[in-house]
Every structure is written in structure tokens, then in C-alpha cells.
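Work through these exercises with the model open. Each task is followed by a stepwise solution.

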Amino acid sequence: MKKRILIFTLVALLGLNAAFSFPANVAAKTSADFEDLKALDAATKAKFDAMISAGIFDGVSDTTFGLKDEMNRAQFAKVAALITGIEVNKDLKTSSFSDVTADDAANGYALPFIEALKTAGITEGYGEGTYNPAGKVTKEQLATFLVRLLGKDAEAKAKTGDDSTVSDWAQGYVAEALSLKLLENLPDGIFGGKANATRDLLLTGAYEAKQQYVPIGKVSIVEAKQVGVKKINVTFNKAVDSTKAGLSVTKAEGAQIDWAADKRSATLIFAKNLEEGSYVITLSGLDAADIDKSTATVSVTAERVTKIEFLTTSDTLPSSSRVPIQFRAINQFGETVQDFLEFSLYLSVAAFTDSTSMTPTTFTVFADTSWSSTGEKFDIEVTDLVSGVTATRTYIVGDPEVVPQVVSTSKVVAKPTASVSSGAVTVGTSVSLINATQGATIYYTTDGTSPNTSSTVYSSQITITNAMTIKAIAVKSGMTNSSVMTVSYTIIEQAATPTANLAGGAVAAGTSVSLSNATQGATIYYTTDNSDPSPTNGTIYSSPITITNAMTIKAIAVKSGMTNSEVMSVSYTIAQAQVATPTAIQTDSNGSVQVELSTTTSDATIYYTTDGIHDPTTNPQTDPYTVMYNGPFYVQTGSTIKAIAVKTEMANSNIMTEQITVVPTLVLSANSLEYIGESNISGRSLLKLTFSKNVDPTSAADGNYIVLAQGGMNIQPVFLHSATWGGIDHENEVTLEVDSLAGIAPGTYVSVQVDNVKTTDLSETIGNGHNNTGYTVP
């Protein structure tokens, strides 16, 4: 049982010669809109976002990008035209090429782009007045296109190569493309130049070319976006003279400007967290004649916790009275949350906190495992009280902590420990330093030198961005300094997690599922028996997987020199036919409503409830609210009926909800009586009697009316002289002329009992229970 410890609030080869520019407009879509891009690593995803947001690329559908789809020359022409930024007449319907027509269902859309390329002198087509829009684009043609875009034609012609998979004419272009890191070889060291290029290669190659290209023309702000709680990144269409340029922001002041090495972007770093709202970024300092677009608007969101992670990596912790367990919170930008102080903490063993062990970014709780047996498990759960994000970790109690005997007149400070062991880690890994000696200060270095009390004082996590050695000591007054802790890290990339083209859930038998991966050259291994795949367990993915029964597909991507990807897991079930939802027919029945239920699924059984609150079940024997339908039933108007239909070997129907709204039949009744004044005949008063329906004039005049005046226990009859029908537009009224009531005492109740009055059509006579009404004298 868990024990709550505390709540802590603290182009195909096109002969390119034209200039190259990238549009500055930003489209709405990003990689997040496509299912097969969501597993990309952050660096690759940024490349896709840049090209998608520029409107150069889009998906093959609303939710699929089509990473490994091959591109034909028509598709390539569209991309080439958008990349170069040339003018395109999208209303053009006639082509100068004989094989390009607007009514071509597959490739007709590309006609304006193909003609724009020809008009700009970028292409002369495929030969003999044709363009070959359906023809594929090879990798060596793609390499040549990118190299020529960068004006590196002469350098390519000066190079040679001996790759047997590349045509002779393309050897120099491929070599130059590899040198410029526009493209890369396959894992076996060859280029595969004659293979058709896929969409992912074209996008990443064009992205890399964009980074190296310096466009001609004026400077424009392309985009401004929030990249941290204190950071806004601004990108430009070309390199900017950072010695002259300045950037200002509305609603925030005092930002430090961190220019990128290529001067094509800058990050504004603010001293305080940005408040939520809209900010305008303005470029200044340059000559007005050199600036095209000088402003951009960015929408800023407030910091929120999206993840809590434990920094104590080992699953086994020693048996000790003071075992440190450290954790931190991550925000929506992948940053460590500063001052993470509003959370609840639960442990299944005794624990305590120590204010000296807290930092602005991390929190340490000390567990007392000395009372637990070796191998016993205990849990810790941390919940952010604002976002509700929760992290849970189970640890195993190991052997008792061995405390070395020290022959000394003073105690020795415990050696610091690192939350991440030495070895290869991914870029951005955060390392926390922990010390078990209460009140000790940690000093550390990252340049390989030995630390001392003049070194950096540890106060927040250390981020690993390149190969690094961390050395640290712990110091406390009155104790001997600890020995030096040394941990070394190298950087290793991880393959992207595979993705499935179909989300998990119920599918039809025979459905095919395709797997893809964003890491070029990676091999996908998968299993369908729910075991974890690996290079020694599973099948190499080569074709779509057919779903014939309930199945879980697990897959990883493997590439030499990279760590294996995370495991992708997606589960499918075979969809059952569903019973048709019941329908209801309402029929008025003298004030109540008859309800008849039915379903179009034959032999289905219907269950229903009538309280409007409880959903029906299929077990009325144990559910007091559910009734099995056996035929029409009666309810009052205003009731709510809920019903489901059930049949063996079919999925239950959806729940029908029906509001009973039939208005009960209106009966003839005496609705009201009121004094309307004195008669023209002295000593007489006039009373207006109103009925619920129009009444027959004859029966109104001849009806029986008994008028009484009751004051306390005294009841006196009031003589009736005449009854007169109300006439046109007042067919439901009768005027009664009675002895004068002018002097009657206040509080007296004047009433009338009516008999023998009929409705206009003579179908209904006023009856008992509906024939009395009256008023109280004010």
C-alpha cells in the first residue's frame, strides 16, 4: 500500500542555370500533421518543418507524407519551381510539350510548373518536344540538380569517382554532393545512383542545399517562433550582417541576441519567462534599401509541464537510511522546468527531503530502505499539481551500502555520483550530480582538469552537447574533501522509431499495414507475437503486413553506428459487425405517451432505461434500472428513454437516447374568473369566465353557472342574471352578469361552478374536476 509522504509546494536532371531562392511565406502544415513523420528525431523533423512550412512539400494525403514514395518528373517540376521561386501562371492550360496536357488525371496539375521552368530557361525537356512527366528521377540526377543549384558545376566536373552504381557522366556530381553533405552513401558505402530518388532524399537534400545557398536580393524575416520559455528564434532568407543588425520585440525588453554561425538566424534570449500573447519582432540597423520584410509576429505560450523524468537511472538502489532519488520536470520545449515546486509525492517506504539537496531545476528525495529486505520493491510517484502530468518508478532494494572504513581523525565527504553513467549518450542528455553528505557543496569541471574549490559550483543539471568528461568533488566544512568523481560521455545518435501507416484499432480482415522509417539506410525488424524485436528476434521488413486476426506489431529500426530505435508497438483487432441502433415511435395516449422500440437488425434484443440517467445494460436481472423490451410501454411526457440492441457474435449497438416530448391532450376546463367592472344596469357586476377551449355560443348562454362568495366560513350564493358568449376573437370567453360585488370585503373568494357547456364542435362537455375556478377579492 502506498504511503503519502508530502505535498510539496515550492528535378530530375534539368540543366539548371537559374537563380535559386526560397519563398518566405509560411504554410499552415508542419511535420506534426503527418503520422509517418511523428517518429522523426528532432533534427530531421526540423528539416521537414522548414520545407513543409515553406509550402515546397506537402503530404500524399492529409495524414501521410509518403517518406519512401518515388517522385516522377511532374512532381519534381512542381518542387523545382517552388524552390527557385520563379513566377508560375497557374491558369495556364496549354503546354509547349506534346506529352503534357491539363486533362492528364495523374500529372496534369504540373503543367503550369513545367512551363514556368521552361520559360525561366531551367529546362528544355526530355527531348524531341517531350517532357516525360511520368518518368522517375534517379539519385544521381538529384545529386546533379542540387550541385548545380549551388553553382558548383565547375567543382563537380573537376572531380572523379569509381562508384560502379553511378553513371560515368554523374561521377563528379555525386562526389561533389557527398563532399557538400547534400546526400550520403548507403550503409555499405555505395551511392546507388541509378536507383529512383524518394521524397525523403529530395527533401533533406534540398534542405541541405538551402543552408549553403546565399540568395541574391534583399533581407527578409522568414519566420519567428518560440523555442523556449525565454527564447524566440528568428530566421532570415539570407545571411545578415550581425555587426549592424538589431532585433527588437514588443512587450519584452533586454533580450540577448545569439546569432547562428551562418548568420541566417538569431535567437533572442530573455532574462525572464515570456508571458503568453502575441509579440512582434522587428529587424533594424540595416539600410532600408537592403530590407524587404522587416517584421514577423510570433505567438507565445506559457510554460507547462509535459513530462517528469527520474534522474536516478539504476533500477536497484542500496539498502541504506539515506538513498537519494532525483527527478526533474520537462516543459513543452524539452527544457528543464525552473523552480519546479508544485507537485505531490508518494512513496511506499519512509522518506524525507533535504532543502540543501534542492536546486532550481531538480529535486531530491531520500528514501530509507534500511528496513526493507534485499530484492523488495518500492514505488515512487510524482505528480505535477498544475498539469496533472504523472511519473511513476519502481525500484528494487539491493545489498546494504558498503561504507569503507576510514582511518582518520575527520570524516570524509561522500564522493559525488552522476545520474547518467559514463558512455555514449544522445545530444541534449542532462546529467545531475548528487551527494549523500548533507550540506556538502559540489565543485566540478568539464575540461578534464581536476576540480577544486575554485571550480564551478554545481547548481543545475549539466547538458551534454558534445564529448565531455565531468570531474567533481564534494566539500563540507569540518570534513575531508571527497575523492574525485570522473564520468566521460561520447555522443551517439539513435535511429528514428518506425511508423505504421495505419493507426491501431479495429480493422477489416485482410487489411495491409506498411512500416516506414525516417533514418536513411536503417533496417526495420518486426514481430507479430508481442515479443520485442531485435536483429536476432523478428523479421526484416520488406513488404506490407496483412492483418488476418487480432495482432500486435512491434518494430525497431537498426543502423550501424547508431543506437537502435525505440520500439514501435501498434495493436489491431478484427472489426465486428455492429447491431443497428434502436429507434423509438411516440404516440399520445390520453395524457401519457406510448413508446414503441425497434431495430433493423433481425433477432436482436433491446434493453432500455427510463430515468434518463443510467445507460442500459444487458443484464436486467442484476441491474434494477434496465428492462428487456417485450412490446410498447407507457411513460410520462418529459421522460428520457435510453436503449441498446444486442445480438450474439455482433457488437452491441450505440445507445439511443430519446426525449419524450408528446404534449398531453387538452381537455375543456374553466381556466379563470375575473371581475371586470359594474354593469350598465344598476346593482349588477360583470365577471369574465375564460375556458381552455373555444365554446359553443348556445351552450355558453344556456349553461349552468353557480356563483358563490366565501368569506371565512360564511358562504353566500350570488344571483346570476345572464351569461353572454364572448363573440369573435373571444370564442373561449363568457361574460356573467351577477348581483353587484362592488362592496364585497377584501379577501373574499368568488368562485363559479360550470355545467352543460360544450366545445364549439359539440364533441366535448365540461366535466367534473375541470369545471371550477375563481378569484380572491384584493
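**Exercise 1.** Which residue in β35 does I553 stand opposite?

Solution. The model is predicted.
Step 1. Place the strands. β34 covers residues 551-558, and β35 covers residues 568-574.
Step 2. Check the pairing. β34 and β35 run antiparallel, with five bridges.
Step 3. Read off the partner. I553 faces V570 in β35.
Step 4. Look at the other pairing of β34. Strand β31 (residues 523-527) also joins β34 in the antiparallel sense, over five bridges. There, Y526 has A555 of β34 as its bridge partner.

**Exercise 2.** Determine how many residues of β34 are buried, and sort them by face.

Solution. 
Step 1. Count. Eight of the eight residues in β34 are buried.
Step 2. Recall the rule. Side chains in a regular strand alternate between the two faces of the sheet.
Step 3. Sort. One side holds M551, I553, A555 and A557. The other holds T552, K554, I556 and V558.
Step 4. Conclude. Both faces of β34 are covered.

**Exercise 3.** Classify the ring pair F34 and F65, and state what it ties together.

Solution. 
Step 1. The structure contains twelve aromatic pairs.
Step 2. Take the geometry. The centres of F34 and F65 are 5.9 Å apart, with 70° between the planes.
Step 3. Apply the cut-off. Planes over 60 degrees apart count as edge-to-face, so F34 and F65 form an edge-to-face pair.
Step 4. Locate the rings. F34 is in the loop between β1 (3-9) and α1 (42-53), and F65 is in the loop between α1 and α2 (73-84), so the pair ties together parts 31 residues apart in sequence.
Step 5. F34 and F65 are both buried. Ring pairs link F34, F48, F57 and F65 into a cluster. The charged end of R199 sits over the ring of F65, 4.4 Å from its centre.

**Exercise 4.** Is the pair F97 and Y131 stacked, tilted or edge-to-face?

Solution. 
Step 1. The ring centres of F97 and Y131 are 5.7 Å apart and the planes meet at 50°, so the pair is tilted.
Step 2. F97 lies in the loop between α2 and α3 (111-119), and Y131 in the loop between α3 and α4 (139-149). The pair links parts of the chain 34 residues apart.
Step 3. Both F97 and Y131 are buried.

**Exercise 5.** Is T499 buried or exposed?

Solution. 
Step 1. T499 belongs to strand β27 (residues 499-500).
Step 2. Its relative accessible area is 8%. Buried means under 20%, so T499 is buried.
Step 3. Residues that T499 touches include E35, D36, A39 and M568.

Technical notes: Residues numbered from 1 in each chain as written. Predicted model: local features only at pLDDT ≥ 70, side-chain atom pairs only at ≥ 80, totals over all residues. Heavy atoms only, no water. Phe/Tyr/Trp six-rings, centres within 6.5 Å; stacked < 30°, edge-to-face > 60°. Helix = DSSP H or I, 4+ residues; strand = E, 2+ residues; numbered from the N terminus. Buried < 20%, exposed > 50% of the residue type's maximum accessible area, 1.4 Å probe, protein only. Lys NZ or Arg CZ within 6 Å of the ring centre and 35° of its normal. Contact = heavy atoms within 4.5 Å. Pairing = 2+ DSSP bridges. Lists of a residue's contacts leave out its neighbours within four places in sequence.
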